[in-house]
Amino acid sequence: MRLIIRQSSMKNQDPTGTNLLLGILGNPVSHSLSPNMQQSALDALGIPMRYLHLPVEPDQLSGALDGIRSLPFRGVNVTIPYKQAVMPYLDQLDATAQEANAVNVILNDHGCLIGYNTDSAGFMSGFSHGSDALRRGRVLLVGAGGAACAIVAGLMRRVSAITVVARDISKAETLLDTVGAAQHCQTATLSWPVTPAMIADHGIIVNATPIGMQGFSVDRWLPEHATLTALHTCYDTVYIPQDTPFLVEAKRQGAHCIYGKSMLVGQGEVAFQHFTGQCPPPGLMQTVLDESLSLL
Ligand code: NAP
């Protein structure tokens with residue numbers, strides 16, 4: 001597999017319109033809000049592409065990717081559980097996918113499938129430009145799965161320290177090694193559960209587990225006696241509900257909160273640029289997402 005340049009382009013897209021399809025590939029995908037966000041932006045710019053739900057069974061993944069290659073697809077988003085599983089089937093990975101060790105965007109360049117990762121950029125878009133929080137930067141990252149990997153790749157050059165706390169500490173260690181975080185900042189791993197001392201010792205607290213997500217059986221990982229202050233930045237990757245138990249408590253204690261929907265919109269906007277070579281209309285994906293979330 002070859003490393004390729006960062007920037008995708010529409011240069012090779014057939015102007016006669018053979019690249020008409022986009023979609024989200026995963027299992028399940030029926031709940032995904034990406035089709036609403038992407039199709040609204042396509043329609044607003046008058047781009048004649050259709051964005052589809054693409055549910056795929058695990059034993060059909062290879063065949064589905066052959067279909068993307070040979071049917072008139074410009075590309076697809078990839079979601080749970082295939083962000084790593086698709087990697088061996090791709091022809092090329094760009095630097096973002098290599099670093100995050102996961103693919104959430106595939107472009108089909110005349111049968112050549114190229115993998116990208118826009119979750120890192122999406123996560124970082126939640127921070128305002130020149131964020132003081134990042135400069136202070138000691139991060140406590142809760143969880144060591146695929147999202148955590150992309151988050152470390154996004155943060156490691158901008159903060160002074162990243163500590164990963166996970167119920168399987170070996171996964172936290174592997175994650176930091178895979179991404180090469182120690183070359184860029186201080187790194188450490190800690191065993192579950194999260195303690196008040198861990199919260200006190202870090203300025204940026206990120207939840208990258210599903211805890212707090214609507215329908216998930218456990219709703220709390222923040223210890224009861226943890227003290228959050230106005231100097232803390234609290235970021236929850238969970239976006240349904242918007243006000244997770246973590247962020248409700250963070251807001252109550254006066255911390256700065258960043259919502260999971262920032263990451264979802266951010267990754268979607270960068271994916272759209274890969275697919276179309278154009279920026280989506282400013283604020284449109286955010287508005288569509290807010291509308292969709294209000295209907296759930
Ligand atoms: P994943 O690869 O399955 O990783 C989940 C992580 O959470 C693992 O470290 C897992 O630990 C841990 N975990 C799960 N249940 C736990 C529990 N009860 N107690 C302690 N740790 C637990 O999933 P992912 O792709 O990283 O996604 C994680 C979450 O991020 C998703 O649920 C989603 O809400 C969010 N996300 C948001 C966006 C966005 O755009 N906002 C994008 C991607 C993901 P084990 O390895 O021990 O199971």
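N77 is in contact (heavy atoms within 4.5 Å) with G23, I24, L25, Q38, Y51, N104, V105, Q267, A271 and F275, leaving aside neighbours within four places in sequence. The model here is a predicted one, where local features need pLDDT of at least 70, side-chain atom pairs count only at pLDDT 80 or more, and totals for chains, interfaces and linings use all residues. Residues are numbered from 1 along each chain as its sequence is written, and side-chain values use heavy atoms, with hydrogens and water left out.

- N77 sits in strand β4 (residues 75-78); helices (H or I, at least four residues) and strands (E, at least two) are DSSP runs, numbered from the N terminus.
- With a relative accessible area of 3%, N77 is buried; buried means under 20%, exposed over 50%, and partly exposed in between, using a 1.4 Å probe and protein chains only.
- The N77 side chain makes a polar contact with the side chain of Y51 at 2.5 Å, and it also reaches the backbone oxygen of N104 at 3.3 Å.
- A polar contact is a pair of N or O atoms within 3.5 Å; within protein, one must be able to donate a hydrogen and the other to accept it, and residues adjacent in sequence count only if both atoms are side-chain atoms.
- I24 belongs to strand β2 (residues 21-26) and is buried at 4% relative accessibility.

- The ligand is surrounded by 22 residues (a heavy atom within 4 Å), and the closest are A144, A147, R167, K171 and T237.
- The protein covers 79% of the 920 Å² of accessible area that the ligand has on its own; accessible areas come from the Shrake-Rupley method with a 1.4 Å probe, and for residues only the protein chains shown count as cover.

**The loop between β11 and β12**

- T209 is in the loop between β11 (204-207) and β12 (233-236), and counts as buried at 12% relative accessibility.
- The T209 side chain makes a polar contact with the side chain of N207 at 2.8 Å, while a polar atom of that T209 side chain lies 3.1 Å from the backbone nitrogen of I211.
- Not counting residues up to four places away in sequence, T209 touches V142, G143, W221, T237 and V238.
- V218 is in the loop between β11 and β12 too, but is partly exposed at 40% relative accessibility.
- Together, M213, F216 and V218 make a nonpolar surface patch of about 240 Å²; patches are made of residues with over 30% relative accessible area and no salt bridge, with like charges joined within 9 Å and nonpolar side chains (Val, Leu, Ile, Met, Phe, Trp, Tyr) within 5 Å.

**Salt bridges**

- The whole structure has nine salt bridges, each a side-chain nitrogen of Lys or Arg within 4 Å of a carboxyl oxygen of Asp or Glu.
- R138 and D201 meet in one of them at 3.1 Å, N to O; R138 lies in strand β8 (residues 138-142) and D201 in the loop between α8 (196-200) and β11, so the pair ties together parts that are 63 residues apart in sequence.
- K261 and D290 form another, with the closest N and O atoms 2.8 Å apart; K261 lies in helix α10 (residues 260-276) and D290 in helix α11 (residues 284-294), so this pair ties together parts that are 29 residues apart in sequence.
- K261 is buried at 14% relative accessible area, whereas D290 is partly exposed at 30%.
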